[in-house]
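User: Could you take a close look at one part of this model with me? I am new to reading structures, so please go step by step.

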Amino acid sequence: MSNPHAASASTMPVGFVGHGAPTVALDAAKGAPWQAWGARLPAASAVLVVSAHWESAPVALGASQALPLIYDFGGFPEALYQVQYKAPVASREVFARVAALLNNPVVNESQGWDHGVWTPLVHLFPLANVPVMQVSLPSALGPRGVYALGQQLAPLRRDGVFLLGSGNITHNLRRRGPEGGRPEAFAAEFDEWVKQQVASGQSDALLDAEHKAPAFRMNHPTAEHWLPLLFAAGASEGSPAAFVLEGFEYTNLSRRAVQWG
């Protein structure tokens, strides 16, 4: 498995995380690779997350003040609904910088952090000492619109902001199976195809994955978990990619995580 390239002193890396099942927030073993990843990252002034679980176009910013976490799931152990993540909200200066780059989008002051935000962050930044903000996923704009959002926000890297897309490389919950099961061909081949395109910087192929990737619709009956990868790729500015985590959970759900830069 590749090691992430060290970021330059003036530019933060960009990340994509396969956030998987919400119960990962309670799982120290599954969280350990994320914690190790976070420990290797340069000190961030803030983390900005685009999650599969908040779709809104035009693009909107999440609340500028702390709100309770969103437990946007059902049927899980009660302990999961007790998880807290009390990181500070990003500063007014960061909000203003994001707003300027996005031409003054709406701020949704009722939008707290969904599980696509906090389940990885409880492991990536377990001290909850990195300020957080969320930007909506403009899925209605399609792959190129989401990629362009990453390009728009890429200058934040020079301000020390860690840009993070949170989704999944494969996400067909109807085909999930037992933990530890061998992934089926449709998921394994798609995950490998994505790895090859990301490693070689083939953004055009990723943007047209619906037509070029093997079994795209089998892996993504809906696209919201796919698009955060394109946000991160758009923000990467051609930085080299490395895979900080590979493998599957629940048979066909890819855990692949990527760092650019």
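Analyst: Let's begin with Ala140, which has a relative accessible area of 72% and is therefore exposed, as the cut-off for that word is over 50%. Keep in mind that this is a predicted model. You will find Ala140 in the loop between strand 5 (132-134) and helix 4. Along the sequence, Ala140 and Glu224 are 84 residues apart, yet in space their C-alpha atoms are 9.7 Å apart.

Now follow the chain into helix 4. Helix 4 covers residues 142-153, and its axis comes within 6 Å of the axis of helix 9, residues 227-235. The two axes cross at roughly 40°, and helix 4 and helix 9 are therefore oblique to each other. The crossing of helix 4 past helix 9 is right-handed. On the helix 4 side, the residues in contact include Pro143, Val146, Tyr147 and Leu149; among their partners in helix 9 are Leu227, Leu230 and Phe231. Sorted by class, this contact has 10 nonpolar residues, 4 polar ones and no charged ones.

For a contrast with the exposed Ala140, turn to strand 1, residues 14-18, where 5 of 5 residues are buried. Val14, Phe16 and Gly18 lie on one side of strand 1, with Gly15 and Val17 on the other, and both faces are covered. Strand 1 also has strand partners. It runs parallel to strand 6 (residues 161-167), joined by 5 bridges, and antiparallel to strand 10 (residues 257-260), joined by 3 bridges.

Definitions and conventions:
Residues are numbered from 1 along each chain as its sequence is written. This is a predicted model: local features need pLDDT of at least 70, side-chain atom pairs count only at pLDDT 80 or more; totals for chains, interfaces and linings use all residues. Side-chain values use heavy atoms; hydrogens and water are left out. Axes are lines fitted to C-alpha atoms, for helices over the stretch in contact, and angles run from 0 to 180 degrees between N-to-C directions. Helices (H or I, at least four residues) and strands (E, at least two) are DSSP runs, numbered from the N terminus. Angles under 35 degrees count as roughly parallel, over 145 as roughly antiparallel, 65 to 115 as roughly perpendicular and the rest as oblique. A crossing is left-handed if the near helix is turned anticlockwise from the far one by less than a right angle, and right-handed if clockwise. Contact means heavy atoms within 4.5 Å. Ala, Val, Leu, Ile, Met, Phe, Trp, Tyr, Cys and Pro count as nonpolar, Asp, Glu, Lys and Arg as charged, and the others, Gly among them, as polar. Buried means under 20% relative accessible area, exposed over 50%, partly exposed in between (1.4 Å probe, protein chains only). Two strands pair if DSSP finds at least two bridges between them.
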